[in-house]
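I opened the notebook to record what I looked up in this model. The entries follow in the order I made them.

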Amino acid sequence: MRNLFESEARTEVLSRLEKINTQSQRQWGEMSVDQMLWHLNRFMSYAFGEFTVPFRGNWFLKTFVKPLALGKTPFPKGRSQTPAEFKATGKYDIENEKKRFIEYIEKYSKSPDKKDWPLSPLLGKFTGENWARIQYKHIDHHFRQFGE
């Protein structure tokens, strides 16, 4: 399973990012392209400890959903449990969000040895590898949502 600690995975997502623009049309869901990029950036900023979110998970999520979320199967289309802190509700500058995205992707290249990763708000304890994997899957899911 690809993850953002891998150079090839980072190169791939940055290449796909270049193709996303204000004309990109969603294939499913409710977010606009600028909201999708903000949403991805928000998840990455959380993983780097830039803000905190209370744990809202439970035994079922940690035991059964976590292995699926970290596995090889892509995330399904449609809504999932998204904590309010990660829901994009405004209009965002797409170029600014793309710059922020690139900065976070570059942070992953420097973070494989980082030890102090936060809990996933829904799935519990995560290693750096878990964060790098789920971020890749999350990015892939939303890029596919917009045809990339």
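I began with terms: buried means under 20% relative accessible area, exposed over 50%, and partly exposed in between (1.4 Å probe, protein chains only). By that scale arginine 133 is partly exposed, at 21%.

I noted the ground rules next. The model is predicted, so I kept in mind that local features need pLDDT of at least 70 and side-chain atom pairs count only at pLDDT 80 or more, while totals for chains, interfaces and linings use all residues. Residues are numbered from 1 along each chain as its sequence is written, and side-chain values use heavy atoms, with hydrogens and water left out.

**Entry: salt bridges**

I took a salt bridge as a side-chain nitrogen of Lys or Arg within 4 Å of a carboxyl oxygen of Asp or Glu. How many salt bridges does a search of the whole structure find? I got ten.

Arginine 133 pairs with glutamate 129, with 3.9 Å between the closest N and O atoms. The two sit four residues apart in helix 5, so about one helical turn separates them. Helices here are DSSP runs (H or I, at least four residues), as strands are (E, at least two), numbered from the N terminus. Glutamate 129 is partly exposed at 37%.

I found a second pair in helix 5: arginine 144 and aspartate 140, again four residues apart and about one turn. Their N to O distance is 3.0 Å. Arginine 144 is partly exposed at 28%, whereas aspartate 140 is buried at 17%. Both belong to a salt-bridge network that also links Arg2, Glu6, Glu12 and Arg16.

I also checked aspartate 116 with lysine 114, which meet at 2.9 Å, N to O. Aspartate 116 is exposed at 59%; lysine 114 is partly exposed at 23%.

**Entry: core and helix 2**

A nonpolar core is a set of buried Ala, Val, Leu, Ile, Met, Phe, Trp, Tyr and Cys residues joined through side-chain atoms within 4.5 Å. The largest has 39 residues, and Leu4, Met36, Phe101, Tyr108, Ile139 and Phe143 have the most contacts inside it. Helix 1 (7–19), helix 2, helix 3, helix 4 (94–109) and helix 5 (128–145) each give two or more residues to this core. Which helix gives the most? Helix 2 does, with eight residues.

I then looked at helix 2 itself. Of its 15 residues, 14 are buried. I checked its length, taking the expected span as 1.5 Å times one less than the number of residues. For residues 33–47 that should be 21 Å, and the end C-alpha atoms are 22 Å apart, which agrees. Just after helix 2, glycine 49 has a positive phi of about 75 degrees.

For contacts I used heavy atoms within 4.5 Å. Beyond four places in sequence, glutamine 35 of helix 2 touches Glu30, Ala88, Thr89, Gly90 and Tyr92. Glutamine 35 is buried at 14%.

**Entry: helix 3**

Is lysine 66 buried or exposed? It is buried, at 18%. Lysine 66 lies in helix 3 (residues 59–70). Leaving aside neighbours within four places, its contacts are Leu61, Leu123, Lys125 and Phe126. Its C-alpha is 9.8 Å from that of asparagine 130, 64 residues away along the chain.

Tryptophan 59, also in helix 3, is exposed at 58%.
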